[in-house]
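Let's take a walk through a protein together. Have a look at the picture first, and then we'll pick it apart piece by piece.

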Amino acid sequence: KPWFVKFYAPWCGHCKREVGVGKVDATAEEGLAYDWDVESYPTLVLVVRGSRYLYRGPRNVESLESFARGGYVEQQQAPAPAPPDSTAAGPFGGAEVLPLTGQALEDVLRSAPDTPLFMVFYIRGCGHCRSMEEDWGTLAAALRDRK
């Protein structure tokens, strides 16, 4: 796979004027997607001096470049999230919801094959998933209490 590598100097005036471009796989980095309020894909965000600007314009190079080179000033800004810490975003739905990985799911299904298991497959950054997160925790508590 080819790589295009940029060598730069942090003190160089030409280098400072450029805009960095990055990507986040929100399926692998759900916590970041949640922290950054990602509700749909792809979500395009420009970060400038600690503020974030959500891009909602046309998806072509000219429009994206215009936004990145100053067009963002016309948009509403929001502070960029603080760097993540280990206490951010607890388990989806709260403590009442059993987190299941591949092996944990197999173990649960094997140990109680006759017990119904209601599962949600979610992406924490998804707006639809996020809107039902509290309800999922409430449902888990209600079902636990009605054994």
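**Starting from the sheet**

The open sheet here has 3 strands in the order S1-S2-S3, paired antiparallel. (Two strands pair if DSSP finds at least two bridges between them; a strand is a DSSP run of E with at least two residues, a helix a run of H or I with at least four, and both are numbered from the N terminus.) Strand S1 (44-48) and strand S3 (78-79) sit at the edges with a single partner strand each, so one side of each has no neighbour in the sheet. Strand S2 (residues 51-55) pairs with S3 in the antiparallel sense over 2 bridges, and Ser51 stands opposite Pro79 in S3.

Before going on, a word on the source: this is a predicted model, where local features need pLDDT of at least 70, side-chain atom pairs count only at pLDDT 80 or more, and totals for chains, interfaces and linings use all residues. Residues are numbered from 1 along each chain as its sequence is written, and side-chain values use heavy atoms, with hydrogens and water left out.

Now for the rest of the chain. The protein has 5 helices and 3 strands, running α-α-β-β-α-β-α-α from the N terminus on.

How far can you trust it? pLDDT is the predictor's confidence in each residue, from 0 to 100. Its mean for the protein is 75, and 78% of the residues reach 70 or more. Confidence is lowest in helix H1 (residues 13-16), with a mean of 68, and highest in S2, at 86.

Finally, of the protein's 147 residues, 19% count as buried, meaning under 20% relative accessible area with a 1.4 Å probe, protein chains only.

Methods
Buried < 20%, exposed > 50% of the residue type's maximum accessible area, 1.4 Å probe, protein only.
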